[in-house]
Amino acid sequence: ERIDNVTVHAHISNVYNRKLVFPCFSKKSTKYCVEGYLNFLLLRAADQADQYYFLHGNMPYEYKAHITSQQAKNLLQEIISLYILGLQAPYPFCSELYDDKSDLENLDEHILVSELKSKINHYQFPIKDDYILQAYKEGVFSGERFMEKFAAAFNLVVLPLKDLIEKEDVQ
């Protein structure tokens, strides 16, 4: 699929009868839910899927598309633009910071930076992503435009999981 001036090639497995089945075996599911959602958007943009089943622990959920193929392409176009910004200069996106957050109303820079520092230095499961570690050292997760950029990524990648898709219990 070609979106803007970018050609997207993907091999996405676990698609059955226009349904993407995406299992997650981690306790922290946001990263994997976003990954599955991005896969679903790619499939939806190519008109290859209508539903997304996110299987997590004892709580499998079914997500039914309430977006058209064109809307999925538009969202992917915005996400690709954000990705390109991240290639040009480090961008403050860290899925670990999005766990258990439904909005940004009560968050400020100091809370997020403190949370990131805690996750980087976690004794049992520290963040090991080189991109995030380098960006943290360079001060990308603080400063004048940090919250603006963080919110843009949050609103584009995380909120659609709640706003654009209806969540239903499969059981």
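Analyst: Apart from neighbours within four places in sequence, Pro-90 is in contact with Tyr-131, Ala-135, Glu-138 and Val-140, where contact means heavy atoms within 4.5 Å. This is a predicted model, in which local features need pLDDT of at least 70 and side-chain atom pairs count only at pLDDT 80 or more, while totals for chains, interfaces and linings use all residues. Residues are numbered from 1 along each chain as its sequence is written, and side-chain values use heavy atoms, with hydrogens and water left out.

Pro-90 sits in the loop between helix H2 (69–88) and H3. Helices (H or I, at least four residues) and strands (E, at least two) are DSSP runs, numbered from the N terminus. With a relative accessible area of 30%, Pro-90 is partly exposed; the scale calls a residue buried under 20%, exposed over 50% and partly exposed in between (1.4 Å probe, protein chains only). Gln-134 is 44 residues away from Pro-90 in sequence, yet their C-alpha atoms are 8.5 Å apart in space.

The loop of Pro-90 leads on to H3. The axes of H3 (residues 109–120) and H5 (residues 146–158) come within 10 Å and cross at roughly 75 degrees. H3 is therefore roughly perpendicular to H5. Axes here are lines fitted to C-alpha atoms, for helices over the stretch in contact, and angles run from 0 to 180 degrees between N-to-C directions; under 35 degrees counts as roughly parallel, over 145 as roughly antiparallel, 65 to 115 as roughly perpendicular and the rest as oblique. Glu-109, Leu-112 and Val-113 are the H3 residues that meet Phe-146, Met-147 and Phe-150 of H5. By class, five residues in this contact are nonpolar, none is polar and one is charged. Nonpolar covers Ala, Val, Leu, Ile, Met, Phe, Trp, Tyr, Cys and Pro, charged covers Asp, Glu, Lys and Arg, and the others, Gly among them, are polar.

On the strand side, E4 (residues 19–24) pairs with E5 (residues 51–56) in the parallel sense over six bridges; pairing requires that DSSP finds at least two bridges between two strands. Lys-19 stands opposite Gln-51 in E5, and Leu-20 has Tyr-52 as its bridge partner there. E4, helix H1 (residues 30–45) and E5 make a right-handed β-α-β unit.

E4 also runs antiparallel to E3, joined by two bridges, with Val-15 partnered by Leu-20. E3 and E4 form a hairpin with two residues between them. In the loop between E3 and E4, Asn-17 is exposed at 72% relative accessible area and has a phi near 50 degrees. Arg-18, in the loop between E3 and E4, is partly exposed at 31%, and its phi is near 65 degrees. Most residues other than glycine have a negative phi.

Of the contacts with a separation of 6 or more, 68% join residues 24 or more positions apart.

Technical notes: A crossover is right-handed if, with the strands pointing away from the viewer, the path from the first strand over the helix to the second runs clockwise.
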